[in-house]
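Please keep the sequence and the model at hand while reading.

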Amino acid sequence: MKKHSILIAGGGSTFTPGIVMMLLDNMDRFPIDSLKLYDNDEERQAKLGRALKIVLTEKAPQIEFEYTTDPEKAFTNVDFVFAHIRSGKYRMRELDEKIPLAHNVVGQETCGPGGIAYGMRSIGDIVELIDFMEKYSPNAWMLNYSNPAAIVAEACRVLRPNSKILNICDMPVGTLRRMSQIVGLTPEDLEVKYFGLNHFGWWTSVKDHKGHEYLPEIRDYVAEHGYLTKVEVDTQHMDASWQATHKKAKDLLAIDPRFLPNTYLKYYLYPDYVVEESDPNYTRANEVMDGREKNVFSAAKRIVDAGTSSVGEFNIDSHASFIVDLARAIAFNTHERMLLIVPNNGAISNFDDDAMVEVPCIVGNDGPEPLAQGNIPMFQRGMMYEQVTVEKLAVQAWIEHDYQKLWQALSLSKTVPSAQVAKELLDDLVEANKEFWPELK
Ligand code: NAD
Ligand code: LMR
C-alpha cells in the first residue's frame, strides 16, 4: 500500500493531537511515512510538537516527523494538507461572540455577525495556504476544516476555483453518531440523504444498507429529547453548551417534522432564545479555553515533562476520524459516501448552480461527485437563499473591500433584527478586526 505524506496546517490547533493519534490508529488502512506540522505561531505549535515528537518516537519511529513555521519546508513533498487554522485565534473568537451579544444579537463562531467577522479574517489566510500548497506540492489535496467553512468555501470557489481543496465539517458526522445510537446501530451502518449549506441543513433520509428507513424512529426520539443521547458516542460535542444545543434540536424539528435538522439552525430559527440563554461575559470561546485547550496543552506538557507518552492522553474523536477517512477515500479511490461542501451545480435541482451547498458525495481519487438530492421545499429554500446571499456578500465585501456589501450581509442575516443594529455592530467589528480585515471603503 502506498505510504502518504501529511502536513497539518494549524499545527498548534487543539485538534492536532487527536488527528495524529487517529493517523497512528489507521496505519493499516492509510499508511504514512512523513508527518509535518505548520503554524505561524512558533511557540504554540512547539508545545504540541515536542509532545508529539515523543509520541511518534515511541509509537511509530518509522514516520519522519517535524514541525516548522517555514512554509517551504512545510509544504514541500506532501500528498495531503489537513488545514485547521483559526485566524485571530481564541482572542478574536471571544470578540466574535461577545461583540454581537453586546448588541443583543447571536454571538457565535460561525453563524451570524461573529461568523461573518471570522470569515473576513480567514479568507486571506486560507488562500495563502492554498498558494503555498500549489507552489511547493502542486499535486496535493487540501482537506480544510478551518472555519467559517461556508464563507471559506465560497471564497475558494470564487478565488481559487481550480484548486484541490475540499471544505468539510464534522457536525453532521457527530450528529450521525447520535442518530446511530438512537436506533442501536453504528454510524457505518447508516447512509444518509441531506441538503443544505454548511451549518444549515436537513437530513431527509437515514437508511441502513438494506434500505430500511430509520428517519421516523429517529424523529420520534428527537421530538422528545433532541439529539441528547445516553452514552457518549459523539465525544467531541459534550460540553454543557453542546448538551443544550442537542436538546434544542427538538424545537428545530417542530417547525418541519419531515426532516431532521442540523443543530446549528438554532441560531437562525431561535435567535432570541439563544441571546437570552447566552452569558455575554462567558461564551463558548471561554468554555473551550477553559476546557479543550487547557486539557490538550496540559496533556502535552505532562508528556514533555516526563519524556514519555505513557503519562498523557490525547483523545481521538469523530472530527479526527472524518478527515482521515476522507484522505483515504481520495488516496485509495474508495468511493465512500460523505457529506461535503461543494458547488451545487444541480445537486439540489431548484437551487442556484453557483451556491456552495452541503450534500452527500461519492469520494474517489478525482475528489467528490455530488449526489442529486432533487427539489427542496419552499421554507428551506427561502432560508437557504437568504443565508447563501449573506455568505456571498461577505466574500464580495472582502474581495472588493466594500463596507456597503458587508453592511448588507449583516442586515440580511436572519440573526440581526435591523439594518440599524447591523451598522452599529459592523462598526464595532471593523474596529476590533483592524489588524486582520482589509480596510473597507
Ligand atoms: P486553535 O486556535 O487551537 O488552533 C488554530 C491554530 O491555527 C493556532 O495554533 C494558530 O496559531 C494557527 N493559525 C492561525 N492562523 C494561521 C495561519 N495564517 N497560518 C498558520 N497557522 C495559523 O483552534 P481550534 O479550536 O483547534 O480550531 C482550529 C480550526 O478548526 C478553527 O478554524 C475551527 O473553527 C475549526 N473547526 C472546524 C470544525 C469543522 O467541522 N469544520 C470543527 C471544529 C473546529
Ligand atoms: C470548537 O471550537 O469546538 C468549534 O469549532 C465548535 C464548537 O464546539 O464551538
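A polar backbone atom of Tyr-145 lies 3.0 Å from a nitrogen atom of ligand 1. The table lists this polar contact (a pair of N or O atoms within 3.5 Å) together with two others.

| Residue | Atom of the residue | Atom of ligand 1 | Distance |
|---|---|---|---|
| Glu-109 | polar side-chain atom | oxygen | 2.7 Å |
| Tyr-145 | polar backbone atom | nitrogen | 3.0 Å |
| Ile-168 | polar backbone atom | nitrogen | 3.1 Å |

Ligand 1 taken alone exposes 860 Å², of which the protein buries 96% (accessible areas by the Shrake-Rupley method with a 1.4 Å probe). Two or more residues of the shell come from helix 4 (89-102) and likewise from helix 5 (112-136); helices are DSSP runs of H or I with at least four residues, and strands are runs of E with at least two.

The model is predicted, so that local features need pLDDT of at least 70 and side-chain atom pairs pLDDT 80 or more, whereas totals for chains, interfaces and linings use all residues. Residues are numbered from 1 along each chain, chains are lettered from A and ligands numbered from 1 in written order, and side-chain values use heavy atoms, without hydrogens and water.

Elsewhere, three strands form an open sheet in the order 7-8-9, with antiparallel pairing (strands pair if DSSP finds at least two bridges between them). Strand 7 (190-197) and strand 9 (260-261) are the edge strands, each pairing on one side only. Two bridges join strand 8 (residues 200-208) to strand 9 in the antiparallel sense, and Trp-202 stands opposite Pro-261 in strand 9.

Terms used:
A polar contact is a pair of N or O atoms within 3.5 Å; within protein, one must be able to donate a hydrogen and the other to accept it, and residues adjacent in sequence count only if both atoms are side-chain atoms.
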